[in-house]
Amino acid sequence: MIDRRKFLAASSAGVSAAHAAPKLALAGGTPVRAKALKAGFWGPQYYGEEEQQQLKDVLTTRRPFRWYGPGADPPLKVATFEKEFAARIGTRYALAVTSGTAALQCAMAALQIGPGDEVILPAWTWHSCYNAVVLAGALPVFAEIDESFNIDPSDIEGKITPQTKAILVAHLQGNPADMDRILAIARKASVRVIEDCAQSCGATFKGRVVGSMGDINIHSLQINKTITAGEGGAVTTNDPILFERAARFHDLGGLRPLHEKVAGGHQLDFFPGANFRMSEFTGGVLLAQLRKLDTIVNDVRTNARRVYQGIRDLPGLHPRLLPDAAGELGSGIFLGFKSKELRDRYLAAMKAENVPAGPPNGSVVLPTQAHIENKRTLHPAWPSFTSGRGRAIQYGAACCPRTIDILNRFAGVSVDPKFTPRETDDIVAAIRKVYPEIIKA
C-alpha cells in the first residue's frame, strides 16, 4: 500500500522540478544553441546585382572621378547619391565625402570652429570626434553620457562657456539622443549643434530622421555602418552657407558648378581646403545601398522588436534608456546590472549559452586615452592646449566617472538584420534563462 504522505511529497517535488529554471550552461546545463550566434556587417549582406551594375557603369564609361572623364556626359553617381541622400534624410543639402571623419572635419570648417573655440562632446564616442575638434585648433570639453549611452543633456548646460561654439551629439549604437532637450539647451545658449549619425543612419527621433535636426550633421558609410561602400561619408544641412563652406573645404577651397547650382549661387570666396572628394565607384555602391536603406532598417528593427517583446515581462528588467524606442535601430539589446561584477557574470553565462553578449562597443572612453589625458598633439604649440583654458582643463577618468560606471554595468547582444526568427528566439531564450539568475545574485 502506498504511503499517502510520501506520494504527495514526491508529487510536489516533481512539480517544483518541472517549473524550475533550466540549469545554466556555465554550471553544466545544456546551452541554448549548439553553435555560437554571430552578427555580421549589415550593408554587405545586401550586396547584389544593383551594386554590381553601378560598378560596371563606372568601368564601362571609364569615369571614376566625380567631376569629369572621357566622353561628353558628366559622371553622376556621386551627384545622384547626394541628391537622394538629402531627400532620404530630409535636408536641403547633402555633401558626399570620403569618410565620416572627413565629414566631421568639413562640419568644423563649415561652422568656422577654430582656435579659442570650445566644442562639447560625449566622453564616450569615437576618436574621430575628438580628432576633428583638435585638428580645427579648438578645445574639446567632455560631458558625461547617460544610460542611453549618448551625451547626457543634464550635463551639457554646466559645460557651456562664452567660448562654446558647438555641441557634438553622437547617436551611438543605433540609439538617437534626446534631441528635444539638447536643441533647447543649444538654442538658449546660441550654440550650434552637430549631429554625428555615424552609428545610426536610418534611425529617427520623434519622426525626424537623425541628421536632419542639427545645424550641420555627419554620416559614416564605413563597413560597420547601416549602409556601406567600405568607406565613405556625408554631410547634411539645411543652411546654404554651411553647405557652401563644407563643399569648398572638401574640395581644396573652390566651389564646383554643380554645388554652386545646388546652393543657389555662391556667397563665399576661395579659401584653403582639404581633398575629401568621393569617387564614382564609392558613389555608385552607396547609391545602390541607399535604395536598400529602408529594407535594412526594417529588417533589423523587426528582429530587435521580436527580442524586446520576448523579454519585456522579465522581473527586474533594466534595459538601456531609449529616448525614442520607436526610432532606434535596435542594433543591440542592452541590459543593465547593479555592478560590473554582475555584468561580467552575465557576459560569461551568455557566452556559455552560445548567445554571446558584450559591453557597449564601437566607441572609447576618450578622456582616459593616454594621448588625450596628456594633451598630445603633432606640434607643441598646437592652439587647442596653449591658451589658459586649454592648459587648465583636465582630462582622465576623473572627468567622466558616471560614463565609466554606466559602461561597466551594461551588456548587450548584437542584432543582425538577417537573423532568422529561430535565431532571435534563441536570443530571447538565452536572456530569459540567464538574466534572472544573474540579478538574483
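Visitor: What share of the contacts comes from residues 24 or more positions apart?
Guide: Among contacts with a separation of 6 or more, such residues account for 73% in the chain. Contact means heavy atoms within 4.5 Å. This is a predicted model: local features need pLDDT of at least 70, side-chain atom pairs count only at pLDDT 80 or more, and totals for chains, interfaces and linings use all residues. Residues are numbered from 1 along each chain as its sequence is written, and side-chain values use heavy atoms, with hydrogens and water left out.

Visitor: How many helices and strands does the chain have?
Guide: There are 16 helices and 13 strands. They are DSSP runs, numbered from the N terminus: helices are H or I with at least four residues, strands are E with at least two.

Visitor: And what percentage of the residues is buried?
Guide: Buried residues make up 53% of the 441. Buried means under 20% relative accessible area, exposed over 50%, partly exposed in between (1.4 Å probe, protein chains only).

Visitor: Which strands form the open sheet, and in what order?
Guide: The order is S1-S10-S9-S6-S5-S2-S4, 7 strands with mixed pairing. Two strands pair if DSSP finds at least two bridges between them. S1 (93–97) and S4 are the edge strands, each pairing on one side only. From one strand to the next, the twist averages 20°.

Visitor: Which way do S9 and S10 run?
Guide: S9 (residues 216–220) and S10 (residues 233–237) run antiparallel, joined by 5 bridges. Asn217 has Thr236 in S10 as its bridge partner.

Visitor: Which strands does S2 pair with?
Guide: One is S4 (residues 139–143), parallel over 5 bridges. There Pro122 stands opposite Ala143. Another is S5 (residues 164–170), parallel over 3 bridges. Glu118 stands opposite Thr164 in S5.

Visitor: Switching to helices. Which strands does H8 lie across?
Guide: H8 lies across S1, S6, S9 and S10, at about 15° to S1. Axes are lines fitted to C-alpha atoms, for helices over the stretch in contact, and angles run from 0 to 180 degrees between N-to-C directions.

Visitor: At what angle do H4 and H8 cross?
Guide: Roughly 125°, with the axes of H4 (residues 100–110) and H8 (residues 240–250) coming within 8 Å. H4 and H8 are therefore oblique to each other. Angles under 35 degrees count as roughly parallel, over 145 as roughly antiparallel, 65 to 115 as roughly perpendicular and the rest as oblique. On the H4 side, Gln105, Cys106, Ala109 and Ala110 make the contact; on the H8 side, Leu242, Arg245, Ala246, Phe249 and His250 do.

Visitor: Where is Arg33, and is it buried or exposed?
Guide: Arg33 lies in the loop between H1 (4–19) and H2 (49–61). Its relative accessibility is 16%, so Arg33 counts as buried.

Visitor: What is Arg33 in contact with?
Guide: Leaving aside neighbours within four places in sequence, Arg33 is in contact with Glu353, Asn354, Val355, Glu423 and Asp426.

Visitor: Last one: which residues of H15 are buried?
Guide: In H15 (residues 401–409), they are Thr403, Ile406, Leu407 and Arg409. What covers them includes S3 (124–125), S11 (332–336), H12 (340–352), S12 (364–365) and S13 (410–414).
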